[in-house]
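Here are some friendly notes to read with the model open beside you.

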Amino acid sequence: MILSVQNLIARGRLRAFAFSLLFVITIAASDAGAAWRAAGNVSAVARETNGVVLTLSSGARVAVTFFDLDVVRVRAAPRGVFERDYSYATWSRDRKTVAAVIKETGETIEITTRVEGPKIIIRRRPFTVTVLDARGNVVVEDDAARPVSFDLENGAIEASKRRDELEFYYGFGEKAMPTSRQGQVIVNWNTDAFAYAPGVDPIYQSIPFFIALRQGRAYGLFFDNTYRTHFDMGRTAPNRYTFGAAGGELNYYVFTGGRERTPQKVLADYAELTGRMPLPPLWSLGYQQSRYSYYPEAKVREIARGFRTRKIPADVIYLDIDYMDGYRVFTWDKQKFPDPPRMLGDLSRDGFRTVVIIDPGIKVDENYPAYTEGRAGGFFHQTKDGREFQAKVWPGVCAFPDFTNPKAREWFGSLYAKNLDEGISGFWNDMNEPATFPPDTRPPQPNVMHDAAKTFPLDVRHSGDGTPGDHARYHNTYGMQMARATFEGVQKLRPDARPFVLTRAGYAGIQRFSAVWTGDNVASWEHLQLSMAMLTNMSVSGVPFVGADVGGFANNANAELYTRWLQAAALTPFYRSHVATGLQEREPWSFGETHERINRASIELRYQLLPYIYTLFREHEQTGMPVMRPLWFNYPTDYNTYSPSLPFEQFLVGRDLLVAPVLTQGDTKRPVYFPKGDAWIDWWTGARYEGGTFAEIDAPLSRLPLFARAGAIIPVQPVVQHTGEMARAPLSVVVVHGADGEGRIHQDAGDGYGYRRGAWRATTVTQAAGGRTVRLKHVGDFAEARPVSLVEVLGLNAKPKEIRVDGREAKNVSYERDERRLRVPLPDGGASEITFVP
Ligand code: GLC
């Protein structure tokens, strides 16, 4: 089932092919008027603390430096003048802390550091860069046959690396492509891609970062350029990959992966550069219900009641564009919602948070303060000849805040005050590619996705945080900077709460500000399958809080599809149902009783595992590790994980849970691959599967195939109806039998920043002596932490003869044979050691 590089579903493959063909034709066409020039030979070398700056015979200058011990940075200025070193992606600046040791010969310049680590070899004629790891293995090497080149007329740039034919690529942010991305042509240009088909590219997000895997060794490459960028990952020539941009500098980072050469190390270094997501509020990890749109107020109340009366847990209700007065952001349609604070207060008392959509377009209307204030402040985009730039979106003709202007960000951020005062908890930023409607004055023409008239003209001005430029340069940052304005504004207004922002568009580093959903997907099995590859790849692109519209946005779903989707997504980081306007009712109870029961169970599973998921988000904040992971990420030496074939995608949640959802219609079993090096225990039956094997697993509609890693410790809790009930719900740990191991549980207030000032508790649970002892240790001062009140041992074939809790015989122990699960209640106040005599 695994390991074919070209495992594209037939339709996807055709589309992808058509698009890449189009792309190649476009490039070829633009090449015709281009004046490409090779970078040339090294003509002068200037030594810097952490590397060298070279002058090349073409007039270009190139800086090759150690950004950090395991991160090499290459920066090339085609005309020989470096720009201000400013990036929207990065949060750490070049620290120049690594002292380079530079050795020049007639042919080369070699750069190392004082400690054992990577080595850079620069060849002088022609100029090429090779990066070696600490063991002397090549990490990346320029392809001398296709040197770094610049088109001085149009500003385009390009570089190529030699490629091993067995090198696999992952990441690239949000791409409607299969899991592994070798042989793909990728374009980054944020696009409103309604109902994108598999293979369509680009879509909403631009993250020009990938992780490469070659025979178990990983490295990463991040091309920090916000213009339209492209990557050809061995499609045109299998022994090379090429990347380039329509303008700007050639500015990229190579993450060597350090001594270990693992994906974890590569991603940790990328996260160190572009940032990690701060711990989101606990409520945003609960189940969320959306549609375009719930209105009027009575409908919203009915939906909320629908959850509570049916005992289906949920935390969040979304209000899509129809809540506004004529789609004017920060207003209410008072017909539909006569008293928002009252409604929001009632919802909140019932355990519901409300999130509203806020789009960037501000209606041009002299009687609308957001417009008149924005204009007076000079916060809107201007055309190249200094007029206010206007275009149509939902409200009609709009002006658009320039989110690359810090003052405009601050102003826009301050507008959230009203919504917050009314009782809104989170904000959903949409249409921020930016998306516009083609002007009415344009003669009718076919509706195509990649239509230049569906975003700003390329010459619209941006203030660029001090480096003014045109839209061609800043287009890809628009969504991210909008999300930043929202995040920073809300944080300033509510310094004691953690902001929740959801965005459709973004650029590398978006995780510092926002969760991301995969836009307007489609209610189809194909899209359900695609969502797995999209979310795991987003996750390894540094963005942990990701999800797809459950059920599919466009078109109606049948009962089976919706039910399987709600089940498959139950443990994906962002868990929200959403559906387009005019379509079916799409609540967990909309498809009859049988489906309602199964849907409830899917959402309940989510809530039971929230203590584990929350701990993973805390771990992400500290280390940059993703919540959702493709298998290869943790098992890079297991080649069976490299190129999973659709529709049999699987993913990991953290290190310890393996999810193998059913993604095809009618199937009631599916093959599951257990990665090598660990054994896996069926969550439902306790059956053990050895790593490196396949098994056919039963998966009736009511069951999500779910496995826990032997040796793992997984915190769980009983079902609660919303996260507000968690503080009173007893905490349990599932000790997964079959290997020694350790796990950690993070607890804090679930909101606010007390945890950064010591109000947290970490519980470490260790399983040792072949499962004969389980020890619990606590650190941290969070007074309201829940004690562990139950230990469940999963995967035990028989009830142990004797069980002791802190030396005393355990009471009220139960053992379920068909779950192979032993339940040992702990006394009030917890316990520190449980021992078993088999
Ligand atoms: C866009 C969004 C979608 C939303 C709709 C109306 O299509 O992607 O999620 O429902 O606009 O706001």
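1. Let's begin with a run of paired strands. Strand E2 (residues 42-48) and E3 are joined by six bridges and run antiparallel. Helices (H or I, at least four residues) and strands (E, at least two) are DSSP runs numbered from the N terminus, and two strands pair if DSSP finds at least two bridges between them. Within this pairing, Val 45 stands opposite Leu 54 in E3, and a hairpin of two residues joins E2 to E3.

2. Before going on, a word on the source. This is a predicted model, in which local features need pLDDT of at least 70 and side-chain atom pairs count only at pLDDT 80 or more, while totals for chains, interfaces and linings use all residues. Residues are numbered from 1 along each chain as its sequence is written, and side-chain values use heavy atoms, with hydrogens and water left out.

3. E3 also pairs with E4: five bridges join them, and they run antiparallel. Gly 51 stands opposite Thr 65 in E4. E3 and E4 form a hairpin with four residues between them, and Gly 59 in the turn has a positive phi of about 100 degrees. Five of the six residues of strand E3 (residues 51-56) are buried, so E3 is largely enclosed by the rest of the structure. Here buried means under 20% relative accessible area, exposed means over 50%, and partly exposed lies in between (1.4 Å probe, protein chains only).

4. Now for the aromatic rings. The structure holds 63 aromatic pairs. Rings of Phe, Tyr and Trp (its six-membered ring) pair if their centres lie within 6.5 Å; planes under 30 degrees apart count as stacked, over 60 as edge-to-face and the rest as tilted. One of the pairs is Phe 67 with Tyr 253, edge-to-face at 5.4 Å centre to centre with 90 degrees between the planes. This pair links distant parts of the chain, with Phe 67 in strand E4 (residues 61-68) and Tyr 253 in strand E20 (residues 250-255), 186 residues apart. Both Phe 67 and Tyr 253 are buried.

5. How far apart are the ring centres of Phe 194 and Phe 553? They are 6.3 Å apart, and the planes meet at 85 degrees, so the pair is edge-to-face. Phe 194 lies in the loop between strand E14 (185-188) and strand E15 (205-206), and Phe 553 in the loop between strand E33 (546-547) and helix H11 (559-568), so the pair ties together parts that are 359 residues apart in sequence. Phe 194 is partly exposed, at 48% relative accessible area, whereas Phe 553 counts as buried at 7%.

6. Finally, a three-stranded open sheet has the order E24-E26-E25, with antiparallel pairing. Strand E24 (362-363) and strand E25 (390-393) stand at the edges with a single partner strand each, so one side of each is left without a neighbour in the sheet. Four bridges join E25 to strand E26 (residues 396-399), and Ala 391 stands opposite Cys 398 in E26.
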